Amino acid sequence: MTNLKTQLDYEATFDCVQCGYCLPACPTYVTFKNEKHSPRGRINLVKMAAEEKITLEDMGESIDLCLGCRACETVCPTHVRYGDILSSAVEVLYDVRPKSKVEKMIRYTTFHGLLPHKNRLRLVNKGLRLYQKSGLEKVIKSTNLLKMAPKYAQFQRVMPEVHPSINHWERTFKCESTVTVGFFQGCMMDAFFSHINQLALRIMAAQGLQVTNIPSQTCCGALQHHAGQTLSTIQLAKQNIEAYEQYDFDYIVNTIGGCGAALKEYDTLFEEGTLWHDRAKAFVNKVRDISEILNDYPLPVRHTLNYEAVYQPSCHLENVQRVVQEPESLLTKLPGLTLHDFPNQHHCCGSAGIYNLVHYDAAMQILDEKMKHVKTQQPNLIITSNPGCHLQMKLGVEREGLSDQIDVKHVVEVVAEACRITL
């Protein structure tokens, strides 16, 4: 008989004293006003499932609708390991739920056939560029084809202009500085937002850092881990650790809040005291978000901006990497940019990996709540630090009918504009 107390992180559930400090920090609780969609509610469901007082499927809906933003961890007075509890529940649900042939095919194609393979992602990048440059995108938008899937047609309207993928492998931007950076470019980031990665490389080079791309890096494993595929995540982590161990970098830098969080937690995938845990820990100690590097080294600012801006933080950048002050500190250094706070600024926008695809209606409720608060500041720019957040906030602007008034840019794009650094 399956021992759910072992499979689920049952012991960790006892750290929760049901105090409720997590409630106002939880976007799903604030949006849906339902206790089972709060952190303490989910923890209680996991505990009852482990004790076989309820079925796993009774627990399933609440776990499915969790964004995994982990904002609850930052306010919890008893330091409950909510992320570990959630991961154990996701993994158990993945193992026991029946899967259709279509679902199996999609998961295998995405997690094994696409994300770990840079050459295939570059083909996706080229295909998207051809789609946009050939005029096919305009034709599709002008027809009724998108009306067949009206919900997802909105994502088509906010698709960014795709730039060529990074292909100068093992190229180093050299300078007199002895500070060395290994760049982590990510999977979907390089396929859809390659220009942000390339701008980041140029900014760091202008700061005097030696920045290198390496050929053997692979997918960070974040999406696999969130889907309960721990073994696949561990395999990808090992490949990345081995890839960066071949160099003596001071930092391993990325532009993606979600991927950076996965990299930052590689050590938790391995048992303490093992060789792989030690190797992972050495890797983790070098991981930095791009905002930390840009904030720590002088910027060659050459241009005064004209923005009334708000910053939408990446949940995993703040709540997992604990990079909170650096992005805003960096932005306040840019002349001509006024940064405004807004209510519930640190709540998730509803993107959460592929959450906005698989739980579209819930994600849109969370996004609409977010945009209600953004509009109070009347910004002309929303600044993000993660590609998923970027697309979600563009979608929020589109849904509000404000595309002609509010732009959405990544932190790197705003810094590049201030430094007059272009591709």
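The lining of the second largest cavity is made up of 10 nonpolar, 2 polar and 2 charged residues. (Ala, Val, Leu, Ile, Met, Phe, Trp, Tyr, Cys and Pro count as nonpolar, Asp, Glu, Lys and Arg as charged, and the others, Gly among them, as polar.) This is a predicted model, where local features need pLDDT of at least 70 and side-chain atom pairs count only at pLDDT 80 or more, while totals for chains, interfaces and linings use all residues. Residues are numbered from 1 along each chain as its sequence is written, and side-chain values use heavy atoms, leaving out hydrogens and water.

**Cavities**

- On a 1 Å grid over the protein atoms alone, a cavity is a set of points where a 1.4 Å probe fits but cannot get out, and lining residues have an atom within 4 Å of a point.
- The second largest cavity holds about 80 Å³ of space, and Cys26, Pro39, Cys66, Cys69 and Cys72 are the closest to its centre of the 14 lining residues.
- Helix H3 (27-32), H4 and H6 are the elements that each give two or more residues to this second lining.
- The largest cavity has about 140 Å³ of space; 17 residues line the largest cavity, and Cys16, Cys22, Ile43, Cys76 and Val80 are the closest to its centre.
- Helix H4 (39-50) gives the most to the lining of the largest cavity, with 3 residues.
- By class, the lining of the largest cavity has 12 nonpolar, 3 polar and 2 charged residues.

**A pocket**

- A pocket is an open set of points with protein on both sides within 12 Å along at least five of seven lines.
- The second largest pocket has about 370 Å³ of space, and of its 16 lining residues, Arg70, Glu73, Glu265, Thr268 and Val320 are the closest to the centre.
- Its lining divides into 3 nonpolar, 5 polar and 8 charged residues.

**Helix pairs**

- Helices here are DSSP runs (H or I, at least four residues), numbered from the N terminus.
- Helix H5 (residues 56-64) packs with helix H7 (residues 82-96) at about 125°, their axes 10 Å apart.
- H5 and H7 are therefore oblique to each other (under 35 degrees is roughly parallel, over 145 roughly antiparallel, 65 to 115 roughly perpendicular and the rest oblique).
- In contact (heavy atoms within 4.5 Å) are residues including Leu56 and Met59 of H5 and Leu86 and Ala89 of H7.
- Helix H13 (residues 194-206) and helix H24 (residues 411-419) cross at roughly 50°, with axes coming within 9 Å, which makes H13 oblique to H24.

Technical notes
Axes are lines fitted to C-alpha atoms, for helices over the stretch in contact, and angles run from 0 to 180 degrees between N-to-C directions. Grid points are joined across faces, edges and corners, and a volume is the space filled by probe spheres set on the points.
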